[in-house]
Amino acid sequence: MEEIIILSLFSIWITGFFTPFNQPREWITDKWIRLCIRLNVPTLSNAIVLLSCPKCFGFWFSWIYTQSFVVGLSVAFMSFFINFAIQEINKQSLK
């Protein structure tokens, strides 16, 4: 269980809270989408979600890291839940 929480927090940290990754992530996203448009394959532009979605990043990273599909699913769910809780806390603090 500890591993799932750690991997979930890591995925949330990488996809949104570690600011040195924000500028390279935006640059990569921009270049990827422009390439997909230039090559006329807009369906591949959805692959870049991996860099900005904690649920997606958590699933794929943990599945590759642990080689366990079940751990990947658990990390994706936990990442979704933690991210949802953070968003709700932010909404409440703005009131």
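View 1. Glutamate 26 lies in helix 2, where helices (H or I, at least four residues) and strands (E, at least two) are DSSP runs numbered from the N terminus. The model is predicted: local features need pLDDT of at least 70 and side-chain atom pairs count only at pLDDT 80 or more, while totals for chains, interfaces and linings use all residues. Residues are numbered from 1 along each chain as its sequence is written, and side-chain values use heavy atoms, with hydrogens and water left out. With a relative accessible area of 57%, glutamate 26 is exposed; buried means under 20%, exposed over 50%, and partly exposed in between (1.4 Å probe, protein chains only). Glutamate 26 and asparagine 90 are 64 residues apart in sequence, and their C-alpha atoms are 23 Å apart in space.

**View 2. Salt bridge between arginine 34 and aspartate 30.** A salt bridge is a side-chain nitrogen of Lys or Arg within 4 Å of a carboxyl oxygen of Asp or Glu. The closest N and O atoms of arginine 34 and aspartate 30 are 3.0 Å apart. Both residues lie in helix 2, separated by 4 residues, or about one turn of the helix. Arginine 34 counts as exposed because its relative accessibility is 52%, whereas aspartate 30, at 32%, counts as partly exposed. Side chains of opposite charge can pair when their charged atoms come close.

**View 3. Salt bridge between lysine 91 and glutamate 88.** The structure holds 2 salt bridges, and in this one the closest N and O atoms are 3.5 Å apart. Because lysine 91 and glutamate 88 are 3 residues apart in helix 4, about one helical turn separates them. Glutamate 88 has a relative accessible area of 28% and is therefore partly exposed.

**View 4. Nonpolar surface patch around leucine 35.** Trp32, Ile33, Leu35, Ile37, Leu39 and Leu44 make a patch of about 540 Å². Patches consist of residues with over 30% relative accessible area and no salt bridge; like charges are joined within 9 Å, and nonpolar side chains (Val, Leu, Ile, Met, Phe, Trp, Tyr) within 5 Å. Accessible areas come from the Shrake-Rupley method with a 1.4 Å probe; for residues, only the protein chains shown count as cover. Leucine 35 is located in helix 2 and counts as partly exposed, at 31% relative accessibility.

**View 5. Phenylalanine 59 and its contacts.** Phenylalanine 59 belongs to helix 3 and is buried, since its relative accessible area is 13%. Apart from neighbours within four places in sequence, phenylalanine 59 is in contact (heavy atoms within 4.5 Å) with Phe69, Gly72, Leu73 and Ala76. Glycine 72 is 13 residues from phenylalanine 59 along the chain, and 4.4 Å separates the two C-alpha atoms.

View 6. Asparagine 40 sits in the loop between helix 2 (22-38) and helix 3 (54-66). Asparagine 40 counts as exposed, at 63% relative accessibility. At 70% relative accessibility, glutamine 67 counts as exposed.
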